Amino acid sequence: MKEIQLCMSEMRAFFQTGTTLSVAWRKKQLKALRASISEHESDILKALHDDLGKSDFEGYATELGIVYSEIDQHLKHLDAWSRPKRVRSTALSFPSRSFIITQPLGVVLIMSPWNYPFQLALAPLVAALAAGNCAVVKPSRYSSNTSRIIVEVLARVFPSDYVTTFEGGSEMNTALLNYRFDHIFFTGSPTVGKIVMQKAALFLTPVTLELGGKSPTIIDEGANLKLAAKSVAWGKFLNAGQTCIAPDYILVRRDLQQPFIEELIGAIQSMYGTDPLNNSEFPKIINQKHFSRLTELLGKGTLTYGGQLDPKLMKIAPTILTEPDLLSLLMTEEIFGPILPIIAFDQFEEAFSFVQERAHPLALYYFGKNKIHEKRVVHTLLYGGGCINDTVLHLSNPHLPFGGVGSSGMGKYHAKEGFSTFSHSKSILKKYTFLDIPLRYAPFKGKFSLLKRFMH
Ligand code: NAD
């Protein structure tokens with residue numbers, strides 16, 4: 001891949017000119033990016049519709065709006081975030097001044113998936129550029145219409161030695177991973193995440209892995225079932241369930257199961273009607289491979305609601321399955337589609353152990369009024385992030401860092417956390433030369449008790 005080689009050398013050469021060190025220059029680039037996105041807004045929404053059947057409302061709320069908000073956050077706070085931070089010096093280094101500066105890492109690689117194809121490529125890019133890096137963006141081939149518009153939006157404002165996009169499938173990712181980057185930001189499945197990390201290890205390149213997994217929702221005593229059902233229906237069937245933090249399955253107190261299901265069916269019908277396959281606001285499945293995979297999963301539990309398919313439109317209606325087969329792919333792998341298994345529990349501890357015994361989720365949602373249970377869910381279970389009495393919404397708050405833990409990922413981004421991810425925090429101690437205390441120099445005879453006093 002000669003093109004990648006050439007592009008990398010040009011980017012490194014540009015980075016070394018030091019142009020990106022200027023915070024004012026970076027802000028100018030972010031403003032230009034915002035203007036280019038704004039100019040292409042209707043094309044972006046159309047591409048999202050063509051790839052995933054997203055309505056303009058959904059495309060704006062979950063993709064464009066989030067990117068604009070990231071740009072605005074970075075523009076607003078970049079001066080403060082990039083200012084050197086003074087910290088205390090110790091008596092042992094007297095007289096001196098200590099401070100931390102943030103520096104860009106160099107040329108970074110951003111690889112994104114197809115489910116939120118615009119937002120998941122652009123939001124990390126905003127952070128990377130705000131921190132002063134050059135960036136290579138590799139969007140997913142599955143969402144090819146959005147990938148094409150991303151290329152256009154970026155090429156309109158950025159020269160290729162600053163920001164470059166490579167289109168293509170996994171062979172392109174593999175080719176890119178053969179080069180040394182200064183940071184790799186990958187969003188996708190845990191399986192490919194492992195490949196990325198292995199490749200990165202060859203160059204000791206740091207990685208941020210934004211992965212997925214099965215995100216549980218617990219419906220516990222005291223839950224407002226009407227609100228819980230609305231929130232679950234919204235979070236689960238948004239983008240037809242192809243959302244990394246969508247509720248993957250429900251754990252519900254046995255006595256609440258039936259009323260919850262009734263409320264859930266009501267919420268689904270009021271959002272998508274009784275014929276969701278022909279509702280233009282209900283998105284489609286990305287491709288045949290995922291459609292077939294999801295169709296297989298439909299048989300792994302008792303069909304309680306939905307289950308209709310349209311292979312031509314590539315749509316699957318919002319579906320509820322009860323008594324799911326815990327050993328099937330439905331319950332061992334991330335569903336990533338509009339199928340919601342529901343499992344009943346008698347004691348809260350059963351639900352708690354069910355989650356604790358499995359891989360750390362990317363998100364977890366708790367509905368209920370039991371303060372002790374809530375505390376255990378928040379403080380004891382380990383997962384990326386989540387909500388109490390809602391779903392998905394934590395992602396929309398730019399003040400909350402976003403990322404997984406364990407098999408759901410490593411590293412975080414959004415606003416300040418994104419800026420930090422793409423920066424090196426360099427610690428500097430500046431010594432003043434008007435005084436040189438000889439304590440630390442040999443010979444040490446007679447200095448030991450003095451050392452102890454200075455160090456503590
Ligand atoms: P994926 O891992 O299959 O693909 C992601 C990227 O990796 C794509 O660009 C693809 O071309 C590339 N790729 C695929 N196979 C590869 C290989 N063998 N070597 C190198 N690169 C390869 O993921 P996907 O299907 O595009 O997205 C779905 C997954 O992403 C789900 O697990 C979901 O939870 C996760 N996800 C996570 C987040 C998050 O923010 N944490 C957001 C969205 C999606």
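**Quick briefing**

Let's start with Asn239, which counts as buried because its relative accessibility is 0%, and buried here means under 20%. Keep in mind that you're looking at a predicted model. The protein splits into domain 1 (2-211 + 406-427) and domain 2 (216-396).

**How the domains sit**
- The centres of domain 1 and domain 2, taken over C-alpha atoms, are 31 Å apart.
- Where the two meet, domain 1 puts in 19 residues and domain 2 puts in 20 residues.

- Asn239 isn't a glycine, yet its phi is positive, at about 55 degrees. You'll find Asn239 in the loop between helix H9 (225-237) and strand S9 (249-253).
- His414 is another non-glycine with a positive phi, this time about 95 degrees. Look for His414 in the loop that runs between strand S17 (409-410) and helix H15 (416-421). With a relative accessible area of 3%, His414 is buried.
- Phe94 and Pro95 are linked by a cis peptide bond, with omega at about 0 degrees. Pro95 belongs to the loop between strand S1 (85-87) and strand S2 (96-104).
- Ala442 and Pro443 are also joined by a cis peptide bond, with omega at about 0 degrees. Pro443 is in the loop between S18 and helix H16 (448-455).

**Helices H4 and H5**
- Helix H4 (residues 56-82) packs with helix H5 (residues 119-130) at an angle of about 10 degrees, and their axes are 9 Å apart. So H4 is roughly parallel to H5.
- On the H4 side, the contact residues include Ile66, Val67 and Ile71, while H5 brings Leu122, Ala123 and Val126, among them.
- Sorted by class, the H4 and H5 contact has nine nonpolar, three polar and two charged residues.

**Gln119**
- Gln119 sits in helix H5 and is buried, at a relative accessible area of 4%.
- Leaving out residues up to four places away in sequence, Gln119 touches Thr62, Glu63, Ile66, Val67, Pro124 and Tyr413.
- From Gln119 to Leu329 it's 210 residues in sequence and 28 Å in space, C-alpha to C-alpha.

**Ser423**
- Ser423 is part of strand S18 (residues 423-431), and its 11% relative accessibility makes it buried.
- A polar atom of the Ser423 side chain lies 2.7 Å from the backbone oxygen of Phe419.
- Not counting residues up to four places away in sequence, Ser423 touches Thr102, Gln103, Leu105 and Ala131.

Conventions
Residues numbered from 1 in each chain as written. Predicted model: local features only at pLDDT ≥ 70, side-chain atom pairs only at ≥ 80, totals over all residues. Heavy atoms only, no water. Helix = DSSP H or I, 4+ residues; strand = E, 2+ residues; numbered from the N terminus. Buried < 20%, exposed > 50% of the residue type's maximum accessible area, 1.4 Å probe, protein only. Polar contact = N/O pair within 3.5 Å; in protein donor to acceptor, adjacent residues only side chain to side chain. Contact = heavy atoms within 4.5 Å. Axes fitted to C-alpha atoms, helices over the stretch in contact; angles between N-to-C directions. Parallel < 35°, antiparallel > 145°, perpendicular 65-115°, else oblique. Nonpolar A, V, L, I, M, F, W, Y, C, P; charged D, E, K, R; others polar. Domains from an automatic or database assignment.
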